[in-house]
Amino acid sequence: MTDFRKHLLDRHPLPAGQHPIPDDEQLPPKWTLQPGEDGGVVQESQHSPTNNPEAPSDEYPGLHNLDHDLRPIPHTLPATLTGNQRVTPKKHWQDVRRVTLTVPDSVSYVPGDMIAITPKGSPADAQVLIDLMGWHDQADRPISLVSTGETASPPPIPNLDSYPNLTLRALLVDYLDLRGIPRRSFFSTIAHYTSDEMHKERLLEFTNPEYLDELWDYTTRPRRSILEILHEFDTVKIPWQHAISVLPVMRARQFSIASGGKRKQTADGKTQFELLIAIVKYQTVIKRIREGVCTKYLSVLRPGSTLQVQLQPGGLNSSVQQLTAATVLIGPGTGIAPLRSMLWEKAALVQAYREQNPGVNPPVGPTVLLYGGRNRESDFFFEEEWTELAKLIPLQVLTAFSRDQQ
């Protein structure tokens with residue numbers, strides 16, 4: 001990239017009297033945060049139900065958070081969480097959930113399609129950042145997003161002006177990713193916000209392409225988060241007005257839909273999405289526990305919570321011809337989700353054919369499902385369903401459990 005820039009300057013030199021902007025000069029942000037019209041303090045409960053976890057209930061052990069997502073995220077369906085059930089034994093190291101969402105309208109989808117969920121951050125993380133940056137005075141006052149440029153660039157967060165009672169705290173919890181692993185540009189940006197020469201020098205080292213390995217060892221390998229980096233470089237003080245141009249925006253996470261055929265609808269006619277989600281939690285090389293932002297958010301959500309979800313097309317190309325042809329399906333672990341969707345869809349096609357053509361065998365080729373897991377006892381997902389499906393369609397299931405033998 002550095003060579004390319006030099007090449008362009010050699011090929012197309014700037015006019016006399018003009019010089020390239022120095023690397024260490026800070027460019028003005030395209031969007032900044034400004035105080036809102038009403039200078040009063042917004043009550044937390046008004047904007048972020050995530051800040052009010054309820055007491056754990058016996059009905060849903062471990063699911064203590066009842067959340068109603070008020071974010072105006074474009075192209076979303078308002079979905080209700082109706083199930084959040086652990087499907088691996090308590091003694092098993094991995095927590096895998098069968099998550100069920102329903103939407104009141106009739107929505108069509110095919111095997112391979114995905115549900116994208118935009119998670120929320122933790123109120124505790126937001127408070128840590130507010131303390132680190134000294135943003136206490138502004139944290140709970142109304143703010144708005146303002147464009148600083150003459151040329152219109154799209155806002156970093158669409159529809160943010162429709163968010164009810166936006167505050168800095170709400171922005172940190174609902175929109176900004178404090179647990180993300182920073183890109184190289186993050187270090188060059190925050191270097192402008194410290195007057196400590198040693199910290200500044202170290203931050204700028206991470207932006208030098210020659211030190212790419214050091215950047216990898218410091219960020220990606222130990223999965224070091226933005227919040228941890230700001231903790232270590234504690235002389236960095238970002239003005240709250242620039243938070244949106246410095247901190248990355250939370251992105252949606254995609255999950256393959258596991259439901260198909262008759263499992264796409266509830267008894268009362270609502271559209272149903274079933275997901276199989278592994279809760280991400282592990283220890284890094286620096287012996288710190290890391291948790292997935294989205295799966296951590298989902299892991300404590302109680303049924304009755306409402307989410308804004310996006311239905312996205314997948315790549316399985318599930319035509320009737322493909323569903324009725326002879327098929328080999330291979331899916332280890334939670335990768336079984338879209339294949340389960342295909343099998344229930346195939347069963348629905350067979351049932352519809354039999355109803356229209358009584359006594360005639362449906363023209364459906366055999367299906368072989370290859371499933372891999374660690375232990376039959378712990379992670380043989382949907383085991384009981386394969387027996388049920390084998391009665392409806394020609395299905396053979398071949399399994400491989402890696403830890404059940406020497």
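User: What does Asn165 count as at 34% relative accessibility?
Analyst: The model is predicted, so this is a computed value. Buried means under 20% relative accessible area and exposed means over 50%. At 34%, Asn165 falls in between and therefore counts as partly exposed.

User: Which value of phi does Asn165 have?
Analyst: Asn165 sits in the loop between β5 (143–147) and α4 (168–174). Most residues other than glycine have a negative phi. Asn165 is not a glycine, yet its phi is positive, near 55°.

User: Where does Phe382 lie, and is it buried or exposed?
Analyst: Phe382 is not a glycine but has a positive phi of about 60°. Its place is the loop between α13 (376–379) and α14 (383–390). With a relative accessible area of 7%, under the 20% limit, Phe382 is buried.

User: How many helices and strands does the protein chain have?
Analyst: The C-alpha trace of the protein chain spans about 85 × 55 × 50 Å along its principal axes. Its secondary structure comes to 14 helices and 13 strands.

User: Among contacts between residues at least 6 apart in sequence, what percentage join residues at least 24 apart?
Analyst: The protein chain has 406 residues, and buried ones make up 44% of them. Of the contacts between residues at least 6 apart in sequence, the share joining residues at least 24 apart is 77%.

User: What part of the accessible surface of the protein chain belongs to carbon and sulfur atoms?
Analyst: The accessible surface comes to about 21900 Å². The part of that surface belonging to carbon and sulfur atoms is 52%.

User: How far apart do the centres of the positive and negative side chains lie?
Analyst: The protein chain has 41 positive side chains and 47 negative ones.

User: Which residues make the nonpolar surface patch of about 350 Å²?
Analyst: One of them, Leu370, is in strand β12 (residues 367–373). Leu370 counts as partly exposed because its relative accessibility is 30%. The patch is made by Val328, Ile330, Leu370 and Leu398.

User: Which residues is His242 in contact with, leaving aside its neighbours within four places in sequence?
Analyst: His242 lies in the loop between α8 (226–232) and α9 (243–246). Its relative accessible area is 18%, so it is buried. With sequence neighbours left aside, the contacts of His242 are Gln26, Pro29, Thr32 and Tyr193.

User: How many residues apart in sequence are the parts that the pair of Glu274 and Arg98 ties together?
Analyst: The count of salt bridges comes to 24. In one of them, Glu274 pairs with Arg98, with the closest N and O atoms 3.5 Å apart. Glu274 lies in strand β7 (residues 271–278) and Arg98 in strand β3 (residues 96–103), so the parts tied together are apart in sequence by 176 residues.

User: Which residue forms a salt bridge with Arg179?
Analyst: The closest N and O atoms of this pair are 2.8 Å apart. The pair links distant parts of the chain, with Arg179 in the loop between α4 and α5 (184–190) and its partner in helix α3 (residues 123–133), 54 residues apart. Arg179 is partly exposed because its relative accessibility is 37%. The partner, buried at a relative accessible area of 10%, is Asp125.

User: Is Glu228 buried or exposed?
Analyst: Glu228 forms a salt bridge with Arg288, the closest N and O atoms being 2.9 Å apart. Arg288 is in the loop between β8 (281–283) and β9 (289–291) and Glu228 in helix α8, so the pair ties together parts 60 residues apart in sequence. Arg288, with a relative accessible area of 34%, is partly exposed. Glu228, at 13% relative accessibility, counts as buried.

User: How far apart in space are Gln283 and Pro222, C-alpha to C-alpha?
Analyst: Gln283 is in strand β8. Not counting residues up to four places away in sequence, Gln283 touches Arg288 and Ile289. Gln283 and Pro222 are 61 residues apart in sequence, and their C-alpha to C-alpha distance is 9.1 Å.

Technical notes. Residues are numbered from 1 along each chain as its sequence is written. This is a predicted model: local features need pLDDT of at least 70, side-chain atom pairs count only at pLDDT 80 or more; totals for chains, interfaces and linings use all residues. Side-chain values use heavy atoms; hydrogens and water are left out. Helices (H or I, at least four residues) and strands (E, at least two) are DSSP runs, numbered from the N terminus. Buried means under 20% relative accessible area, exposed over 50%, partly exposed in between (1.4 Å probe, protein chains only). Contact means heavy atoms within 4.5 Å. Accessible areas come from the Shrake-Rupley method with a 1.4 Å probe; for residues, only the protein chains shown count as cover. Lys and Arg count as positive and Asp and Glu as negative; His and the chain ends are not counted. The place of a charge is taken as NZ of Lys, CZ of Arg, CG of Asp or CD of Glu. Patches are made of residues with over 30% relative accessible area and no salt bridge: like charges are joined within 9 Å, nonpolar side chains (Val, Leu, Ile, Met, Phe, Trp, Tyr) within 5 Å. A salt bridge is a side-chain nitrogen of Lys or Arg within 4 Å of a carboxyl oxygen of Asp or Glu.
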